[in-house]
Amino acid sequence: MVSRLFKLLIPVFLTGMVLLNIIPLLLLIFLSLGSSWMWPHLFPGPISLSSWKYVINPAAGSLPALKTSLQIALTATLINLILAMPAAKSLAHYHFKGRKACELILLLPALIPPWAVITGIHKTFIYLNLTDTMSGVILAHLLPTLPYMVRALTISFASIDYSLEEQAYLLGGNKSQTFFYITLPQLLPGIAAGSILSVLISLSEYLTTLIIGGGQVLTLTLVMFPFVNGGNPSIGAAYSLLFALMALITLFSLDTFINRYYSENKLY
Amino acid sequence: MFKKILALFLTLGLLTAPLAGCRQTASLSPDKELLQADFSQIQKEARGQTVAIYMWGGDESVNRYMDEWVAPRVEKELGIKLKRVPINDAREMINKLLTEKEAGKTKGSIDIMWINGENFKLAKDNDLLWGPFVDKLPNYNRYIDGEDYQIKYDFGEDTEGLEAPWGKAQFVFIYDSNKIASPPDTVEALKAWIKDNPGRFTYPAPPDFTGSAFIRQILAGVSSNYDRYLTASLDRESLETEITPLWDYLNQIKPYLWQKGITYPENIAKLNELYAQGEVYMTMSYNPNYADNMIKQGRFPATTRTFVLKNGSLANTHYLAIPFNAPHKAGAMAVIDYLLSFEAQLAKFDPANWGDGLAISLAKLSPEEKEKLKQIKPGKAALSPEELEKYKLPELSGAYVDIIEEGWFNHVAKN
Amino acid sequence: MASITIKNLYKYFPPSFALQIDELMIKEGEFFGIIGPSGCGKTTLLRLITGLTAPDRGEIWLNGREITKTPPEKRNIGLIFQEPRLFPHFTVEENVGFGLKMKKSRRRDIKAKIDEALEMVGLTGFNRRYPSALSGGQKQRVALARALVLEPKALLMDEPFSALDPELRVEMRFLIKKLQQEKKITIIFITHDREEAFTLFERMAVMQEGKILQTGTPLHIYNQPQNIKVANFLGINNILPGYIEGNYFYTQGFRILLGAANQNQTAKYLLLKPESLKIVNGEEDARPFLTGTIEEITFQTGFYHIKVKVQSQSLNIIQKYQPGKNFTPGAEVKILYHPEEIILL
Ligand SMILES: Nc1ncnc2c1ncn2[C@@H]1O[C@H](COP(=O)(O)OP(=O)(O)O)[C@@H](O)[C@H]1O
Ligand SMILES: [Mg+2]
């Protein structure tokens, strides 16, 4: 009885979810086409391409901004991976004094709102001569993203079957071979999850990019924000769609890359 | 294992380092020599520099004017690369400069910033500006009337040569001539019209910039002695009591507003949408050419027109300033000078580009220049410069803006 | 010449376990077994030999070379666990070829060797399957092929078939025995299954609490267990305390006639193998006997396991099933024994 009701509810629920995701997207598309679609009107108003023309016009600098966004997000994610690997491994496997505290501290940057610490970060970066540079921005992006990477990898490490590593040694695999062929594939889901979060957070980071990059490092988020924030909703919508497209393509490539790695990690 | 724990602590260190930023103040010596130098020498030094101009980036026409009109010319004529940095809120620049000043960063990244009002006051009060420099600029001296109240005072604050006027904006109302034959021309007539057309008028809730300006616009209309508010002399309480007529006016129209005044559009974009949909018959803007731009983009009906109130129409000037730690001060001066040239001002004035009001004084133009100016016709939805000029009123003191916005919540929104 | 030699090997696990083996030699090509109760250190010993665990002191030699400090990946000793430990993200052939790939063998050689190994374990054609699509027995065969393909200097097996069902277990025993005879592999095989021990091992060691109690052929140990622990572990479960006087061993309430060979005057225990006793119904035979009452009868695949009370003690007796011959609880019976098959300790 209950389960039958459940079965009936599932399609309703799914449809609801899909609508919930699609309606805002449609609204965004219409908005970017200069037409608004408001209650009680059944159909959207007339459309124009002027917002898109502005966004793709070279003088608007969308392309370099897009490139900068990706460069920062991918580099930060790579650094995250390198930093988070040993940290996550220690957290997952060694029970030392203060482990809980370490875990908490590693999570803090994700919990504390950025505006609360951004002045401190800004000053430190000024002393370190890192402001207004891309490396500074990348470093600053580690703060909100690293916790997610550490978290994802810690879970991955905790669920690794180490007996397989032993097995690999017994079959003559050395440390690095064993890591690449046996450990890494087991970590991949965690790496994928962590990377996706890291990339998405970095791409949408506004405040740290603005303050640490000082406007010298222009990401798509920086360029689009004044429009989205009331300046010109139509151009804002076009930028948002461009942003979504960029994020989507990045995630898709990341996924394909990881899957390719997974299948190319085949032995022959 | 120890290596791993070491790595873990390194990571921790990295994450906590930013919290440790400590205070340190450095004394800054402004580039005094540059202020003594000959302008041709400044221009020579400026050649080859990349000048970063930080400005609000949310308007297509403004961005286009800078990217497509100004930047190529500055590069060709002055040998300066102009880099426009879009920002969301001028306050972000001020905060950045405040931190940089505290941390003793003498070489910043902003060369020019576009500000006015409270942000200028903040910058001035905190010594974030370099100068005074405006009288070093040949075009300032040639075209600007530095003694004009609307130029010398920025929301009541003396500019003291720390910022150069770049353009002017004026508050206008926008209506659909198809629905309103003759628009009201005083605040009283506006009130009557609103009562006659319930649900067809509203204004954005402060702190929206335009909504806040609308309230000040009404204040200018209902107060007998508006000049009294140009400089801040009253405390919060006395001001709030003294402007009771403003609260009365807004409360009287409230039941006749869109949604019976229960809710207000959260920003000007929402109001414009309501207008575009025909829900309301009027909207407003601090840009006199806004209606014309929107018609051109096909967003507003072609029958849209502009009007101002004869009680006075608020105007403000927006400025360009150079921060204390601008890395390319010579380049900044050269660019600002260029932006004050007749050609740059004329192009900016042209509704085909931006349609912004002139900062240069009409009286200082040569006959040929006056002729060129005449060639530029305002759009059919916009008012002529003369008409705008006729009812122009300066903005009240910046110190009052916040008080009035908060007062609106207590005296109007809450009722 | 011994293939594997262990000298004074010592490993301590806090708080209370210590493995100590003074000397153990396993010959090349020998099928060597280790039996002992759970927790006695069998797995630890294999891990020490493969290098997965480092000893506190002592030496391990392989084919005349000391390997105590050699890392596991350089020892080329195969180890098969109770669970197959296949790599789930690799196919059967990738699993089997893993070791060859790590050694950077030529691709064509790898392919041929994989097929050969799979044929050996009877899995020809399973190359492209993933471990998740295999049964328990098939997985264990893949694990076996994966170890054998490297031609290890020794193959260690830690209760490899104990998770399989009985029929499969017998089949696998047969397979491993056959492979061992064909390839002359040195094998150390752990089990706690006596039957497995007797069918497979050429020689074996009985372990308890980290020590080796006795080494020898299974039959030798069964017939001459060094002490009652060994005897008990091998299933000799009639252990009677007492003393010898004259030709008899006296235990509580009755005495047992000793054979000519059994004149160990200091023995404190007399052991009777359960299958060496025979229950008769009163008549026939002139052999020495005891009398008792049947307490309990269970029937297991062709054999009766019978408990008979003799005075104050219970004796365990295994009798082959014979049609027409029945036992009833409570019945008075004669128990015949062979004085020559008695063990005195
Ligand atoms: N890594 C280890 N750390 C601590 N104690 C261990 C470890 N491995 C095994 N032991 C202990 O050593 C003893 C022998 O274990 P093991 O060799 O697995 O026994 P068996 O294989 O004979 O059942 C057990 O008491 C076990 O708890
Ligand atoms: Mg074990």
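**Exercise 1. Confidence in chain A**

Chain A of this predicted model has an average pLDDT of 85, and 91% of its residues score at least 70. Determine where in chain A confidence is lowest and where it is highest.

Solution. The lowest confidence in chain A falls in helix 1 (residues 2–32), with a mean of 80. The highest belongs to helix 7 (residues 162–170) of chain A, at 93.

**Exercise 2. The shell around ligand 1**

Identify the residues that surround ligand 1, their classes and the element that contributes the largest share.

Solution. Step one lists the shell: Phe13(C), Phe17(C), Ser38(C), Gly39(C), Cys40(C), Gly41(C), Lys42(C), Thr43(C) and Thr44(C) surround the ligand. Step two sorts this shell by class, giving 3 nonpolar, 5 polar and 1 charged residues. Step three assigns the largest share, 3 residues, to helix 1 (residues 42–50) of chain C.

**Exercise 3. Backbone contacts and burial**

Which backbone atoms lie within 3.5 Å of an oxygen atom of ligand 1, and what percentage of the ligand's area does the protein bury?

Solution. A backbone N or O atom of Cys40(C) is 3.3 Å from a ligand oxygen. For Gly41(C), the corresponding backbone distance is 3.0 Å. A polar backbone atom of Lys42(C) lies 2.9 Å from an oxygen atom of ligand 1. Taken alone, ligand 1 exposes 560 Å², of which the protein buries 57%.

**Exercise 4. The annotated span**

Describe the span that UniProt lists as "domain: ABC transporter" in chain C.

Solution. The unreviewed UniProt entry places this domain at residues 4–234 of chain C. In the model, the end C-alpha atoms of that span lie 25 Å apart, and the span is 36% helix and 26% strand.

How values were computed
Residues numbered from 1 in each chain as written. Chains lettered and ligands numbered in written order. Predicted model: local features only at pLDDT ≥ 70, side-chain atom pairs only at ≥ 80, totals over all residues. Heavy atoms only, no water. pLDDT = per-residue confidence, 0-100. Helix = DSSP H or I, 4+ residues; strand = E, 2+ residues; numbered from the N terminus. Near = heavy atom within 4 Å. Polar contact = N/O pair within 3.5 Å; in protein donor to acceptor, adjacent residues only side chain to side chain. Areas by Shrake-Rupley, 256 points an atom, 1.4 Å probe, with all protein chains shown as cover. Nonpolar A, V, L, I, M, F, W, Y, C, P; charged D, E, K, R; others polar. UniProt positions renumbered as here; feature names shortened; annotations may be inferred.
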